[in-house]
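Hi,

Here is the model I promised to pass on.

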Amino acid sequence: MKIMQKILVIGSSNIDLVITSTSLPKPGETVIGDTFLKNPGGKGANQAVAANRLGGNVAFITKVGNDVFGKELKELYKKEGINCHGVMTDNSSRTGVALINVDRSGENFITIYQGANKQLLIDDIINLSSLIDESDIILMQLEIPMDTVNYIIDHAFEKGKKIILNPAPAHPFTDEALSKLFAITPNKTETEQLTGIGIQDERSVLEAASILIKKGVKNVIITLGSQGAYYVNEKEHFLIPAPHVKAVDSTAAGDTFCGAIAAELSRGHEWNEALQFATAASAICVTRMGAQLSIPTEHEVRTFIKNNQ
């Protein structure tokens, strides 16, 4: 029996304030909402909760404010069973907040106040370096300072860790940083910003992915929304189609996808299995409202896959 690898997620924590409406407002327009929800969110936290809920052994490094939202999030992470040794409180900042508008088709607009996430600094990572040393898979996003992200990539690479980067929100990367990544998971927009190639069809997907492979990324997974996900490495490439579901809210779908990949890889599964599991988890997620509230359990995903074979 294979020993499960340890996953360390490093990233943001937010409280999401969500309003649903028939349509998204245009500039200068006021739209009357249908419902209001307050949910735990943040790309880092979403991915940590997803990887944990989907069966991974997860630790989380993040920073929240010394306020009601921060205390609420800390308690939620503990209840999920996540290793919270790296969940820090910043006394000078408020907890991050995301303002989210969602229309009836599941599309959304998001505005983020970084708050304490902006204070997750290199010194914090140095003080918690034992968590990196003890982990096998490092999962990150880009809602924390880029200096911190680059330091983590350098340190984790030196320690021989598998670094999975979800490059969202999009940000330029040096070739040196890209060369240290085990995997990268951009969507269409992020792929274009990283490579200059607009994703239109399979040819453009392969062209963009090949640029990242040549820069040293070992595994490239380009997410294509309702079309699924395209996997490329030096030896093979294939599309994993997304299951057909009725989308309600796409807010945490990408984060669920990334957490699911980390969880499956930590169990020793190959990429084909990991991506089938991740696309199924994502499909379930978009049928529910909210960020972390919409993330399924491993049992739910296995059952969904079995019922849709």
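Predicted model: local features only at pLDDT ≥ 70, side-chain atom pairs only at ≥ 80, totals over all residues.

The nine strands make an open sheet of mixed pairing, ordered E5-E4-E1-E8-E9-E10-E11-E12-E13; strands are DSSP runs of E, at least two residues, and helices are runs of H or I, at least four, numbered from the N terminus. Strands count as paired if DSSP finds at least two bridges between them.

Residues are numbered from 1 along each chain as its sequence is written, and side-chain values use heavy atoms, with hydrogens and water left out.

Within the sheet, E8 (residues 137–140) and E9 (residues 162–165) run parallel, joined by four bridges, and Leu139 stands opposite Ile164 in E9.

On to the cores, meaning sets of buried Ala, Val, Leu, Ile, Met, Phe, Trp, Tyr and Cys joined through side-chain atoms within 4.5 Å. Buried is under 20% relative accessible area, with a 1.4 Å probe and protein chains only. The largest nonpolar core has 45 residues, and Leu54, Phe60, Ile221, Ile261, Trp271 and Leu275 touch the most other members. Helix H10 (residues 271–285) gives the largest share, nine residues. A second, separate core of 40 residues includes Ile125, Leu131, Ile144 and Ile163.

There are zero disulfides (cysteine sulfur pairs within 2.5 Å). Cys285 is buried at 0% relative accessibility, but its sulfur is 11 Å from the closest cysteine sulfur, in Cys258, so too far for a bond.

Cheers

Key: Buried < 20%, exposed > 50% of the residue type's maximum accessible area, 1.4 Å probe, protein only.
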